[in-house]
Amino acid sequence: SVSHSQITRLYSRFTSLDKGENGTLSREDFQRIPELAINPLGDRIINAFFPEGEDQVNFRGFMRTLAHFRPIEDNEKSRDQNGPEPLNSRHNKLHFAFRLYDLDKDDKISRDELLQVLRMMVGVNISDEQLGSIADRTIQEADLDGDSAISFAEFVKVLEKVDVEQKMSIRFLH
Amino acid sequence: VVNLLGISITVLFTLLLVFIIVPAIFGVSFGIRKVYMKTLLKTFQWATLRIERGAKEKNHPLYKPNVNGIIAKDPTSLEEEIKEIRRSGSGKALDTPEFELSDIFYFCRKGIETIMDDEVTKRFSAEELESWNLLSRTNYNFQYISLRLTVLWGLGVLIRYCFLLPLRIALAFTGISLLVTGTTVVGYLPNGRCKEFLSKHVHLMCYRICVRALTAIITYHDRENRPRNGGICVANHTSPIDVIILASDGYYAMVGQIHGGLMGVIQRAMVKACPHVWFERSEVKDRHLVAKRLTEHVQDKSKLPILIFPEGTCINNTSVMMFKKGSFEIGATVYPVAIKYDPQFGDAFWNSSKYGMVTYLLRMMTSWAIVCSVWYLPPMTRQPEEDAVQFANRVKSAIARQGGLVDLLWDGGLKREKVKDTFKEEQQKLYSKMIVGN
């Protein structure tokens, strides 16, 4: 569980981003953060906060998305075996990253989707052909069931050795 | 009753004259403001202890504002981070450039980190205080105020609004009218040593009165480095008050856009006595014209040092943002000055998107005081191997270091404008190198 002071700080942050002062954040509110605007995947990350078809996110939704990035050690303190899997489990952190690639939310990363995301990350610096061969190679290495796309299970298998807990966690200073 | 009123007003004005205006003219001080400051500090400490006690009694954690950021951030580069992610994932050689699905973790985490806490947007709003200074505008823990504290706060309101505010307004009025009339009168004199001498002292006197009108308690350091003729004085910008603070300790040529209204009247009067550099609104956009006029001014060694704020906008005094290179291209000696305000007595930062000029001045005049430190840094000149941008950054770092401020490369213009695409393109270029090499 998140501590009281952490919630207070994040609420303070939420209100400072909420320029319209109406208790919700729009995509423009996020884009006003310069360091996020220069992130090549900034728009995909912002998208993760907004549920399907919605243009505003309230504080609850804001916290829910950020909860994916709590360090896994925090769960040791509040072990709840019968409850639903916590949002910051390794499984859910991987799913968050998977959803950044899966543009049409069909639980598969197609060649086309991979190309689009790669294009966002490299800008104009790599040719279409080169990018195409990178995408092909990546899918070839990950694809186990031969459907020329990467399913979530295949995604998890490729990344089974990666220290997801560390790389997708953010620690509070207090 | 009218007689009594008349007498009390006369007494008040005589007191005003003796204790405030006369010392301002001669540049001496009775030390009243320092005593005032010490008393206030003791009161604030007491108030903070009371609030902490109140919170402890109710067993609630107190909201402590955080100055150093709320999350742990790694200062590693894009390259290093991505290599580390790849290292943990596979045993492959790390020297060959290629793409890994796990690379996305870097951008993802960085993005979420900036959503939780970024370096730029917090510079455009007032700094949060660690202890309460009896102003309702800075209180985050309203529910823990005891009766005694409320009474003290009420007393504070009375003192600030009914005693200090009228006094300050009277002083400001005196200062501004003396400036306008004084400079106009001096303007009629023929050019020469006499005119210069009088102009200097009229300016200084009026700025000193304005300093007292804000109850500004300023500590100047290293005054031997004060700007000389033919040079440029650059300083970090927090508020229009910066001008008053610097100009009450030195004689500068101001640079700026001509405004309408009262500001315009003051500006037009000032330029009669001494050659300030005012631009019409249309001329400000023309960078060549601006550079030409500034160069002409500094090349004339008899002319006063120019006062410029290269950030171009007000920042909240926790950091120094990008210096615009214009002033660093004209080849004059640069005299850097660092100004650091102590926000406990009154936050001087002008949040121009939130408050207009008049509201801002009223807020200043109803604060306890404006306390700041000014450091005059040794002069700097552009070295042959550096260009204007590098020189500007060097000066900026020196100022940030001295004032204890964070040195940022971000443009203060981000307060109102979107960030340029070139920064994103830089990131994309860096990442491309990691997956295909050069």
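This is a predicted model: local features need pLDDT of at least 70, side-chain atom pairs count only at pLDDT 80 or more; totals for chains, interfaces and linings use all residues.

Reader: OK. How many residues of chain A are in contact with chain B?
Author: On chain A, 59 residues are in contact with 51 residues of chain B.

Reader: And what area do chain A and chain B bury between them?
Author: About 5000 Å², with 71% of it on carbon and sulfur atoms. E35(A), I38(A) and K167(A) supply 15% of the area that chain A buries against chain B, more than any other three residues.

Reader: How many salt bridges are there between chain A and chain B?
Author: The count is two. In one salt bridge, the side chain of R13(A) meets that of D118(B), at 2.8 Å from N to O. There are also 15 residue pairs in polar contact across the interface of chain A and chain B.

Reader: Which helix gives the largest share of chain A's side?
Author: That is α1(A), with seven residues of the side that touches chain B. By class, this side of chain A has 38 nonpolar, 11 polar and 10 charged residues.

Reader: Changing topic. How is chain B divided?
Author: Into domain 1, residues 1-58, and domain 2, residues 147-421. The C-alpha centres of these two domains of chain B lie 25 Å apart. Their contact takes 22 residues from domain 1 and 21 residues from domain 2.

Reader: What do those two domains bury between them?
Author: Domain 1 and domain 2 of chain B bury about 2000 Å², 77% of it on carbon and sulfur atoms. On the domain 1 side, R33(B), Y36(B) and F44(B) supply 28% of the buried area, more than any other three residues.

Reader: How many salt bridges does the rule find there?
Author: Zero between domain 1 and domain 2 of chain B. The count of residue pairs in polar contact between these domains is two. On the side of domain 1 that touches domain 2, α2(B) gives the largest share, 12 residues. That side has 16 nonpolar, three polar and three charged residues.

Reader: Last one, the helices. At what angle do α6 and α8 of chain B cross?
Author: Roughly 145°, and their axes come within 9 Å. From α6(B), the contact is made by K195(B), S199(B), H203(B) and Y207(B). From α8(B), M270(B), K272(B) and A273(B) take part.

Reader: Which classes do those residues fall into?
Author: The residues of the contact of α6(B) with α8(B) divide into three nonpolar, two polar and two charged.

Note on methods. Residues are numbered from 1 along each chain as its sequence is written. Chains are lettered from A and ligands numbered from 1 in the order in which they are written. Side-chain values use heavy atoms; hydrogens and water are left out. Axes are lines fitted to C-alpha atoms, for helices over the stretch in contact, and angles run from 0 to 180 degrees between N-to-C directions. Helices (H or I, at least four residues) and strands (E, at least two) are DSSP runs, numbered from the N terminus. Contact means heavy atoms within 4.5 Å. Ala, Val, Leu, Ile, Met, Phe, Trp, Tyr, Cys and Pro count as nonpolar, Asp, Glu, Lys and Arg as charged, and the others, Gly among them, as polar. Domain bounds come from an automatic or database domain assignment. Buried area is the accessible area (1.4 Å probe) that two parts lose on being put together, summed over both. A salt bridge is a side-chain nitrogen of Lys or Arg within 4 Å of a carboxyl oxygen of Asp or Glu. A polar contact is a pair of N or O atoms within 3.5 Å; within protein, one must be able to donate a hydrogen and the other to accept it, and residues adjacent in sequence count only if both atoms are side-chain atoms.
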